[in-house]
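Welcome, and thanks for taking a look at this one with us. Please open the structure below and keep it in view while you read the notes that follow.

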Amino acid sequence: MEQEKKMRWGTVAITVAILILAASVFFAGFKITNTINANVQSIKSALKEKLEKDIRKEAISFIYAYRKSALKNRQITADDLKEGYKFAKEFLSK
């Protein structure tokens with residue numbers, strides 16, 4: 001009977017160490033997930049701003065080229081597009 005009541009402290013210590021290790025891995029994973037989500041959100045917002053600016057530039061340049069060619073009653077040329085990009089760049093820089 002004496003042997004049944006005796007605790008094995010080595011087994012208890014290993015069990016506690018494994019539980020602490022599992023908890024630290026869980027919380028580290030949670031922290032990494034939050035960090036990744038924050039970085040993804042900042043990348044999304046930066047990409048959204050860049051795309052909006054690029055789309056505005058494209059739209060302004062194409063409208064400029066279309067209007068210039070329409071006023072002269074001809075097709076759009078590469079020069080019209082170059083001037084449109086130049087105008088859009090100057091317009092958006094203000």
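Let's start with Phe-27, which is exposed, its relative accessible area being 54%. Please keep in mind that this is a predicted model.

**Aromatic side chains**

- Phe-26 is likewise classed as exposed, at 55% relative accessibility; the cut-off for that class is over 50%.
- How many aromatic pairs does the structure hold? There are four of them.
- Phe-26 and Phe-27 make up an edge-to-face pair, with 5.3 Å from centre to centre and 70° between the planes.
- Tyr-64, Phe-87 and Phe-91 come together as one aromatic cluster.

- Helix H3 runs over residues 78-93, which makes 16 residues.
- From the first C-alpha of H3 to the last, the distance is 23 Å, close to the 22 Å expected at 1.5 Å a residue.
- Which residues of H3 are buried? They are Asp-80, Gly-84 and Ala-88.
- Viewed down the axis of H3, these buried residues fall within an arc of 70°, so they line one face of the helix.
- Helix H2 (9-71) is part of what covers the buried residues of H3.
- Turn to the other side of H3 and you will find Lys-82, Lys-86, Lys-89 and Ser-93, which are exposed.

**Along helix H2**

- Ile-36 is a residue of helix H2.
- Is Ile-36 buried or partly exposed? Its relative accessible area of 47% makes Ile-36 partly exposed.
- Between Ile-36 and Trp-9 there are 27 residues of separation in sequence and 40 Å in space, taken C-alpha to C-alpha.

**The loop between H2 and H3**

- Where is Asn-73 found? Look in the loop between H2 and H3.
- The phi of Asn-73 is near 55°, a positive value in a residue other than glycine.
- As background, most residues other than glycine have a negative phi.
- Asn-73 is also exposed, with 72% relative accessible area.

How values were computed
Residues are numbered from 1 along each chain as its sequence is written. This is a predicted model: local features need pLDDT of at least 70, side-chain atom pairs count only at pLDDT 80 or more; totals for chains, interfaces and linings use all residues. Side-chain values use heavy atoms; hydrogens and water are left out. Helices (H or I, at least four residues) and strands (E, at least two) are DSSP runs, numbered from the N terminus. The expected span of a helix is 1.5 Å times one less than its number of residues. Buried means under 20% relative accessible area, exposed over 50%, partly exposed in between (1.4 Å probe, protein chains only). The arc is that of the directions from the helix axis to the C-beta atoms. Contact means heavy atoms within 4.5 Å. Rings of Phe, Tyr and Trp (its six-membered ring) pair if their centres lie within 6.5 Å; planes under 30 degrees apart count as stacked, over 60 as edge-to-face and the rest as tilted.
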